[in-house]
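Hi,

Here is the structure I promised to pass along. Have a look at it first, and then read on for what turned up.

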Amino acid sequence: MRRESVLAVRPLTNRIASGQPMALAHPSDPYPDPSWSGWGDPALVPVLPEAIRTLLAQGLGVRTAPGAPGPITGRRLPAPGLGVDAAGALTAVVGADNALADDQTRIRHTRGKSTPDLLRMRAGDDAGAPDLVLLPGSHQQVLDVLQVCSQRRIAVVPFGGGTSVVGGLEPHAAELEGVVALDLRRMNALLELDEDSRLAVFEPGLRGPQAEELLGPHGYTIGHFPQSFEYATLGGFAAVRSSGQASAGYGRFDELVLGLKLAAPAGTWTLGRAPKSAAGPDLRQLILGSEGALGVITSLTVQIRPAPEQRVYEGWRFRSFAEGLAAVRKLAQDGPLPTVLRLSDETETALNLARPGELGAGAEGCLAIAGYEGSADEVASRQACATHVLAAAGAGPDPEAGESWEHDRYRGPYLRDALLDAGALVETLETVGFWSALPGLYEGVTSALRESLSAQGTPPVVLCHVSHVYPAGASLYFTVACAQAEDPVAQWRTAKAAASDAILAAGASITHHHGVGTDHRDWYEREIGELGVRVLRAVKAELDPAGIMNPGVLIPPG
């Protein structure tokens, strides 16, 4: 029986024709600001067990423990460089309460959450802090802000959850008159629910849990749960082509976005009248993954699904990564495909980074996580069929691994923070390639990281897991840990460059779901070629003639 929604259901074609409707629902409570020097809630940073401290000292040569950074209240920034007239014009658009220039707000909107970002913040490097943080409340206010910034040549950095790990919030704005961060947290409404089409229209500032909170009473879910879920926003998911941990079942976020509205310096652009169309190239794809370099996404039409009746996650052990890869590929190509499907290599399994709550317990073989979501009958059927495939491939069950993974699925970044406090350098990178390329890609990236960091006197431990699967290929996600060198930011950048070269040499893509930002931009340019770069520059010149939108991010400068 079709459930009755308490929301008014309006046809999406009416929205497209008549403009954005009034908000139908807002989340009950805003989320607090995350840590300025770490991932999220500082209270969730774990205390490292003695076994891990011994491993850091004896295995990686970590000698110095800098400890956790001090409070944000002790930090001071230079005065904003934005002129009084420009600041006044922008304040007039959003209102005095929504134009903030205090030190704490500016610091919290400086850069993202990569390890180099955090190391620089902890070292007192606040370069690039915005002059002003604006909180617009509507599409029109965003448009008006962009008009003022275009006229006065002020850089605009769209800001959602601030979770970028590839330099996506660090504009190159030296030639402009200032920088404003456009924080979209006030644009956090569910605008429309179309149950016939199973679509929801959201504003971009909703964080993942807030969107699920608004859909839950109506029995729906987006099904998008990346590791950044607790803090990242829907607009951010779209802007970087995010991929959630249940992507095998629900799809990537860009696959779920069927319509969007963009506020660009050149005006408003509304895209998406139907699920598929032969009306020329799909221009939605220009905006999905554009990382704020072309404009600001102000609403999204997203495919939703009935919330699952049941969720079951289980663990399996393979003798080797090669055996696990073959089994995972068979499930991805021939089915039945679990909703969640992940595979850790031998090193990651031994250190239990797939199960951070038990880090250091040790284990043999390679751990796979398979998850099933849906009706009870559907879950039972797919689980039984997948069990047959996994067992036939030589895997044995690990009864507690699935529940442990579910419990700790968002805790990895907090473990990174604790390791940074202890003096280790810990960072991640990811890529994606075709199945035939994966063995060479895995070996090439692992070797590049080991050789680069060992040459710098800090031999690392390199871990890897398959995080997202497709019939034609899969994503590899690497975690690297070693002792910090004297300049850990330069240390990691050297290693990351070597790994990035190895990714392109193996014929893979420089990123699967983290995005391009500034960190990957040079390799992205090599990946798409000179003609591809010229196409992107032409699109940016049309939508952003003054070049104010997140300058230097994604699109190589001309």
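Predicted model: local features only at pLDDT ≥ 70, side-chain atom pairs only at ≥ 80, totals over all residues.

How are H3 and H6 oriented to each other, roughly parallel or roughly antiparallel?

Helix H3 covers residues 84-94 and helix H6 covers residues 139-152. They pack at an angle of about 170 degrees, and their axes lie 9 Å apart. Angles over 145 degrees count as roughly antiparallel, and H3 and H6 are therefore roughly antiparallel to each other. Their crossing is right-handed. On the H3 side, the contact is made by Asp85, Ala86, Ala89, Leu90, Val93 and Val94. H6 brings Gln141, Asp144, Val145, Val148, Cys149 and Arg152 to it. Sorted by class, the H3 and H6 contact has eight nonpolar residues, one polar and three charged.

There is a second pair to look at. Helix H5 (residues 115-122) packs with helix H18 (residues 488-505) at an angle of about 165 degrees, and the axes are 9 Å apart. That makes H5 roughly antiparallel to H18. Which hand does the crossing of H5 and H18 have, left or right? H5 passes H18 in a left-handed crossing. From H5, the residues in the contact are Pro116, Leu119 and Arg120, while H18 supplies Pro488, Val489, Trp492 and Arg493. By class, this contact of H5 with H18 has five nonpolar residues, two charged ones and no polar ones.

Cheers

Methods: Residues numbered from 1 in each chain as written. Heavy atoms only, no water. Axes fitted to C-alpha atoms, helices over the stretch in contact; angles between N-to-C directions. Helix = DSSP H or I, 4+ residues; strand = E, 2+ residues; numbered from the N terminus. Parallel < 35°, antiparallel > 145°, perpendicular 65-115°, else oblique. Left-handed = near helix turned anticlockwise from the far one by under 90°. Contact = heavy atoms within 4.5 Å. Nonpolar A, V, L, I, M, F, W, Y, C, P; charged D, E, K, R; others polar.
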